[in-house]
Amino acid sequence: MAHPSQLGFQDAASPVMEELLHFHDHTLMIVFLISTFVLYIIVAMVMTKLTDKYILDSQEVEIIWTVLPAIILILIALPSLRILYLMDEVNDPHLTIKAVGHQWYWSYEYTDYNDLSFDSYMIPTQDLVPGQFRLLEVDHRVVLPVESPIRVLVSADDVLHSWAVPSLGVKMDAVPGRLNQTALMAAHPGIFYGQCSEICGANHSFMPIVVEAVPLEAFEKWSLLMLDL
Ligand SMILES: *[C@@H]1O[C@H](CO)[C@@H](O)[C@H](O)[C@H]1NC(C)=O
Ligand SMILES: [Cu+2]
């Protein structure tokens with residue numbers, strides 16, 4: 001989860017998020033370079049007496065300020081498209097779960113596990129125990145095996161929602177009557193917090209998402225426990 005007054009992204013917990021962080025740094029570098037360069041030119045032009053107000057055009061300058069931005073845009077677009085298609089891919093997942101948005105909670109179905117399903121409600125502030133995070137903790141977490149490619153099917157029951165976990169690099173709109181898919185893989189065990197990310201009504205802020213990545217054995221035990229077997 002984010003810490004108070006955090007700047008920037010949360011640490012990456014999945015390969016895709018790692019890629020996104022690198023892309024963000026790459027792009028921000030270009031933004032800083034351009035901003036510094038433009039600021040320098042503005043200051044230089046204001047300070048100097050050499051600016052010639054009778055110059056009407058300059059082919060050389062215009063070619064440079066057309067071609068250079070085009071090249072810079074390509075240097076941003078290519079890695080962006082690479083990640084876009086990388087995120088679109090769902091490579092033979094070990095497990096499929098279904099996340100359905102409701103006003104105002106998420107429900108989950110593990111179709112590979114005897115249709116194991118449950119609702120996941122936020123824990124109200126007055127019921128929190130020490131160590132639980134306000135507005136983030138839920139009564140039933142999404143438990144997933146660590147280091148396994150997982151397919152998440154996302155849909156909604158009533159209005160638009162969005163299933164998002166920043167540290168895993170996942171955000172998928174939940175649309176009533178439509179089923180969309182995304183892939184995730186937790187690179188290390190941990191508890192990853194997310195929130196509904198499409199304004200969906202009065203309690204939009206109170207339907208968080210908690211993904212708990214555990215070793216496969218612990219996941220199997222949890223699923224048996226949930227199924228009462
Ligand atoms: C599923 O999500 C992708 C990416 O966000 C989007 O382009 C596509 O239109 C969505 N599909 C449906 C059926 O909503
Ligand atoms: Cu919502």
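Predicted model: local features only at pLDDT ≥ 70, side-chain atom pairs only at ≥ 80, totals over all residues.
I began with V38, which at 40% relative accessibility counts as partly exposed (buried is under 20% relative accessible area, exposed over 50%, partly exposed in between, with a 1.4 Å probe and protein chains only). V38 sits in helix α1, residues 15-47 (helices are DSSP runs of H or I with at least four residues, strands runs of E with at least two, numbered from the N terminus).

Residues are numbered from 1 along each chain, chains are lettered from A and ligands numbered from 1 in written order, and side-chain values use heavy atoms without hydrogens or water.

Next I looked up the copper ion (ligand 2). H161 (ND1), C196 (SG) and C200 (SG) coordinate it at 2.1 to 2.4 Å (donors are N, O and S atoms within 2.8 Å of the metal, or 3.2 Å for Na, K and Ca; water is not among the atoms, so sites may look incomplete). H161 lies in strand β6 (161-165) and C200 in the loop between β9 (190-195) and β10 (208-214), so the pair ties together parts 39 residues apart in sequence. Both H161 and C200 are buried.

Then I turned to the rings. I found nine aromatic pairs (ring centres of Phe, Tyr and Trp, its six-membered ring, within 6.5 Å; planes under 30 degrees apart are stacked, over 60 edge-to-face, the rest tilted). Y108 and F118 make a tilted one, at 5.8 Å centre to centre and 45 degrees between the planes. Y108 and F118 are both buried.
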